[in-house]
Amino acid sequence: GRALVFVDEEEAAKVRLIFDLYGHHHCTTDSTIGKSNEMGVTYTVAQLWWVRSKIGFLLRDRAYIGDLRYKGECLPGTHEPIVARQVWD
């Protein structure tokens, strides 16, 4: 069975913000956490604050540039990328 990827725009905006802070504003992981917390950008309803592990996982997840992992390989997905490949790189 095939799985479909649906993008939640509210969550996608959080992802774009994290990549923007880290990639364009020369933020470290810790300062990315601080700035997102200052801006009121929560991780989830249950866990309000971002933590290093979540930021690190997010910044390494190729799904945000349109790739998906399948049987140990990274393959192009059919979903619209959330983050430009140049930004991810």
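Helices (H or I, at least four residues) and strands (E, at least two) are DSSP runs, numbered from the N terminus.

Before we look around, a word on the model. It is a predicted one, in which local features need pLDDT of at least 70 and side-chain atom pairs count only at pLDDT 80 or more, while totals for chains, interfaces and linings use all residues. Residues are numbered from 1 along each chain as its sequence is written, and side-chain values use heavy atoms, with hydrogens and water left out.

## The overall picture

The protein has four helices and two strands. Reading from the N terminus, the order of these elements is α-α-α-β-β-α. Along the principal axes, the C-alpha atoms fill a box of roughly 40 × 30 × 20 Å.

Buried means under 20% relative accessible area, exposed means over 50%, and partly exposed is in between (1.4 Å probe, protein chains only). Of the 89 residues, 28% count as buried. Contact means heavy atoms within 4.5 Å. Among the contacts with a separation of 6 or more, 36% come from residues 24 or more positions apart.

## The nonpolar core

A nonpolar core is a set of buried Ala, Val, Leu, Ile, Met, Phe, Trp, Tyr and Cys residues joined through side-chain atoms within 4.5 Å. The largest one here has 18 residues, and V15, F19, W50, L58, Y64 and V83 touch the most other members. Helices α1 (9-24) and α3 (52-60) each supply at least two residues of this core. Its largest share, six residues, comes from α1.

How do α1 and α3 pack against each other? Their angle is about 90° and their axes are 11 Å apart. Here axes are lines fitted to C-alpha atoms, for helices over the stretch in contact, and angles run from 0 to 180 degrees between N-to-C directions. That makes α1 roughly perpendicular to α3; the word covers 65 to 115 degrees, whereas angles under 35 count as roughly parallel, over 145 as roughly antiparallel and the rest as oblique. On the α1 side the contact is made by V15, I18, F19 and Y22, and on the α3 side by I55, L58 and L59.

## Two aromatic pairs

A pair of aromatic rings is described by the distance of the centres and the angle of the planes. Rings of Phe, Tyr and Trp (its six-membered ring) pair if their centres lie within 6.5 Å; planes under 30 degrees apart count as stacked, over 60 as edge-to-face and the rest as tilted. This structure holds two such pairs.

| Pair | Centre to centre | Angle between planes | Type |
|---|---|---|---|
| F19 and Y64 | 6.3 Å | 70° | edge-to-face |
| Y43 and W50 | 5.0 Å | 70° | edge-to-face |

F19 lies in helix α1 and Y64 in the loop between α3 and β1 (67-70), so their pair ties together parts that are 45 residues apart in sequence. F19 is buried at 4% relative accessibility, and Y64 is buried at 17%. Not counting residues up to four places away in sequence, Y64 touches V15, F19, L58, P81, I82 and V83.

In the other pair, Y43 is partly exposed at 24% relative accessibility, whereas W50 is buried with a relative accessible area of 5%.

## Back to T32

Is T32 buried or exposed? Its relative accessibility is 0%, so T32 counts as buried. A polar atom of the T32 side chain lies 2.7 Å from the backbone oxygen of T28. Leaving aside residues up to four places away in sequence, T32 touches I18, L21, Y22, C27 and I55.

## Loops worth a look

R62 lies in the loop between α3 and β1 and is partly exposed at 27% relative accessibility. Which residues does R62 touch, not counting those up to four places away in sequence? They are D67, C74, R85 and W88. With D67, R62 makes a polar contact between side chains at 2.9 Å. A polar contact is a pair of N or O atoms within 3.5 Å; within protein, one must be able to donate a hydrogen and the other to accept it, and residues adjacent in sequence count only if both atoms are side-chain atoms.

H26, in the loop between α1 and α2, has a positive phi near 55° although it is not glycine. H26 is exposed, with a relative accessible area of 73%. K71 sits in the loop between β1 and β2 (73-76), and its phi is also positive, about 50°, without the residue being a glycine. At 70% relative accessibility, K71 counts as exposed.
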